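This briefing sets out how one predicted protein model is put together. Please keep the sequence and the structure in view while reading the points below.

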Amino acid sequence: LQAYERCGASETDQCAGLLASMGHVRSELLDHDGAVKALTEARRIKERVGSLETVEGARLVMSLGTARGLRGDLNGKLNAYTEARQLHEAAGTLNTEDGALLLNNIGNARKEWGDLNGA
């Protein structure tokens, strides 16, 4: 990450990908706060460079939602999943395997929330 910053490439899609990977690793290491921080920054960069409304952007936002949920932030989890659904719809990819996984995650999150009708 420091190499991207030193060469002025910290605001690129490649840097966002690196941050997303760092977020996934932090989550695997049970550092959920670190995961949320890295994934949030990756999302910010993807939005800034115009690559958020893609399948990769939707995956990133879904991962952010999962990390928020693991941190105990159910509202943040549902908000991120809702955004990921909107991104899939914009990209025309809701009817794919990724979209189905997201819809399953939304249902499970709503069930956790106690919204059995929405699940």
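The model is predicted, and local features need pLDDT of at least 70, side-chain atom pairs count only at pLDDT 80 or more, and totals for chains, interfaces and linings use all residues. Residues are numbered from 1 along each chain as its sequence is written, and side-chain values use heavy atoms, with hydrogens and water left out.

**Helix 2**

- The buried residues of helix 2 are Cys15, Ala16, Leu19, Ala20, Gly23 and Ser27.
- Seen down the axis of helix 2, these buried residues fall within an arc of 145°, so they line one face of the helix; the arc is that of the directions from the helix axis to the C-beta atoms.
- An α-helix has 3.6 residues a turn, so residues three or four places apart point the same way.
- Helix 2 (residues 13-28) has 16 residues and should span 22 Å at 1.5 Å a residue, which agrees with the 23 Å between its end C-alpha atoms; the expected span is 1.5 Å times one less than the number of residues.

**Overall fold**

- The protein chain has six helices and zero strands; helices (H or I, at least four residues) and strands (E, at least two) are DSSP runs, numbered from the N terminus.
- Of the 119 residues in the protein chain, 38% count as buried.
- The accessible surface of the protein chain is about 6800 Å², with 48% of it belonging to carbon and sulfur atoms; areas come from the Shrake-Rupley method with a 1.4 Å probe, and for residues only the protein chains shown count as cover.
- Among contacts (heavy atoms within 4.5 Å) with a separation of 6 or more in the protein chain, 49% are between residues 24 or more positions apart.

**Nonpolar cores**

- The largest nonpolar core has 13 residues, of which Val61, Met62, Tyr81, Ala84, Leu87, Leu102 and Ala109 touch the most other members; such a core is a set of buried Ala, Val, Leu, Ile, Met, Phe, Trp, Tyr and Cys residues joined through side-chain atoms within 4.5 Å.
- Helix 4 (55-70), helix 5 (74-91) and helix 6 (97-113) each give two or more residues to this core, and helix 5 gives the most, with six residues.
- Apart from this core lies another, of twelve residues, among them Ala16, Leu19, Ala20 and Ala42.
- Beyond its neighbours within four places in sequence, Met62 is in contact with Tyr81, Ala84, Leu101, Leu102 and Asn105.

**Loop residues**

- Leu30 lies in the loop between helix 2 and helix 3 (32-49) and is exposed, with a relative accessible area of 65%.
- Although Leu30 is not a glycine, its phi is positive, at about 65°.
- Most residues other than glycine have a negative phi.
- The C-alpha atoms of Leu30 and Arg71 are separated by 9.4 Å, with the two residues 41 apart along the chain.
- Thr93, in the loop between helix 5 and helix 6, counts as buried at 12% relative accessibility.
- The side chains of Thr93 and His88 are joined by a polar contact of 2.6 Å; a polar contact is a pair of N or O atoms within 3.5 Å, and within protein one must be able to donate a hydrogen and the other to accept it, while residues adjacent in sequence count only if both atoms are side-chain atoms.

How values were computed: Buried means under 20% relative accessible area, exposed over 50%, partly exposed in between (1.4 Å probe, protein chains only).
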